[in-house]
Amino acid sequence: MTERARAEDETSAAAQHRPASADKNPAREAESRAWSGFITHAAVCKDRCRTHGEDCETAAELRTVWRAARAEVFDQGVK
């Protein structure tokens, strides 16, 4: 299993435990999934994320996705 596939599996498992408020708003749910994907990857990454404490290419992409999802939540005024 690739690192990305493992992170996606763990992300879907984490999504089962997301707050109920995430279910009520698609933007909040997308933000939650994006954050979970980023943080899960950073925890298992054997590249720069773990060895140098900086984002590897995959983590940088996941962080960008999370920031965009977060911006969408704030643009909608979701709390």
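The model is predicted, so local features are reported at pLDDT of at least 70 and side-chain atom pairs at pLDDT 80 or more, while totals for chains, interfaces and linings use all residues. Residues are numbered from 1 along each chain as its sequence is written, and side-chain values use heavy atoms, with hydrogens and water left out.

The largest nonpolar core has 6 residues: F38, C45, C49, C56, A59 and L62. A nonpolar core here is a set of buried Ala, Val, Leu, Ile, Met, Phe, Trp, Tyr and Cys residues joined through side-chain atoms within 4.5 Å. Buried stands for under 20% relative accessible area, exposed for over 50%, and partly exposed for values in between, with a 1.4 Å probe and protein chains only.

F38 leads on to the aromatic rings. The structure holds 2 aromatic pairs. Rings of Phe, Tyr and Trp (for Trp, the six-membered ring) pair if their centres lie within 6.5 Å; planes under 30 degrees apart count as stacked, over 60 as edge-to-face, and the rest as tilted. W35 and F38 make a tilted pair, 5.6 Å centre to centre with 45° between the planes. Both residues lie in helix 3 (residues 26–44), 3 residues apart, which is about one turn of the helix. Helices are DSSP runs of H or I with at least four residues, strands are runs of E with at least two, and both are numbered from the N terminus. F38 is buried at a relative accessible area of 5%, whereas W35 is partly exposed at 37%.

W35 also forms a tilted pair with W66, at 4.8 Å centre to centre and 55° between the planes. This pair links distant parts of the chain, with W35 in helix 3 and W66 in helix 5 (residues 57–76), 31 residues apart. W66 counts as buried, at 12% relative accessibility. Through these ring pairs, W35, F38 and W66 are linked into a cluster.

The core also contains cysteines, among them C45, C49 and C56. A search of the whole structure finds 0 disulfides, a disulfide being a pair of cysteine sulfur atoms within 2.5 Å. For C49, the nearest cysteine sulfur is that of C45, 3.7 Å away. C49 counts as buried at 13% relative accessibility. C56 is likewise in no disulfide, and its nearest cysteine sulfur, that of C45, is 3.7 Å away. C56 counts as buried at 4% relative accessibility.
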